[in-house]
Amino acid sequence: MKKKTYPVANIGSVSLLMVFIILCLVTFATLSLSSAAGDYKYSKDTAGHNTEYYNACNEAERKLKEIDSILEAAYRNSPDDYIVEAAELLNTVNGITTDFSSDEPKLTFDEEINKDKALKIVLTLNNSDKLSSGFYRITSWQEISTAGWEGNDRLKLIEN
């Protein structure tokens, strides 16, 4: 009796389909895991930056409170021309840059966020006739870069 032989191509379509499905599932699982790891790193970096930013904002608010109390004391001492008194008192505070040369005096100070970034806050002092809205207006509250920038825009197209 002769043995019945089966062709090589008849491995089993169900088996081939199962191998293909398993390969697809493994590929999608790997892509999903890679995407989740990237999202986790991004959200962790964002949370760290937000924490640093809001800590710097809290410190800036403390300095604003100090400036406000100095301006209030200057106004109590000399209500008509409190800006001259305020100029003397504000020179004693570290980290504040004053500019009393214009009609609207300005105060500027920086609050460090991290080693590469800082908050730059600019206040414009109100004159004696505009004190109903407060002693100052915040004219700028922005995040600035304090890291040095080295421009290297050369492209190496051909190696020598």
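A salt bridge is a side-chain nitrogen of Lys or Arg within 4 Å of a carboxyl oxygen of Asp or Glu. The model is predicted: local features need pLDDT of at least 70, side-chain atom pairs count only at pLDDT 80 or more, and totals for chains, interfaces and linings use all residues. Residues are numbered from 1 along each chain as its sequence is written, and side-chain values use heavy atoms, with hydrogens and water left out.

**View 1. Glu 111 is buried without a salt bridge.** Buried denotes under 20% relative accessible area (1.4 Å probe, protein chains only). Lys and Arg count as positive and Asp and Glu as negative, whereas His and the chain ends are not counted.

**View 2. Glu 111 lies in strand S2.** Strand S2 covers residues 106-112. Strands (E, at least two residues) and helices (H or I, at least four) are DSSP runs numbered from the N terminus. Neighbours within four places in sequence set aside, Glu 111 is in contact with Ala 56, Glu 59, Ala 60, Ala 118 and Leu 119; contact means heavy atoms within 4.5 Å.

**View 3. The protein chain has 2 helices and 4 strands.** Along the sequence, the pattern of the protein chain is α-α-β-β-β-β. The C-alpha trace spans about 125 × 50 × 25 Å along its principal axes. Of the 160 residues, 22% count as buried. Among contacts between residues at least 6 apart in sequence, 46% join residues at least 24 apart.

Technical notes. Buried means under 20% relative accessible area, exposed over 50%, partly exposed in between (1.4 Å probe, protein chains only).
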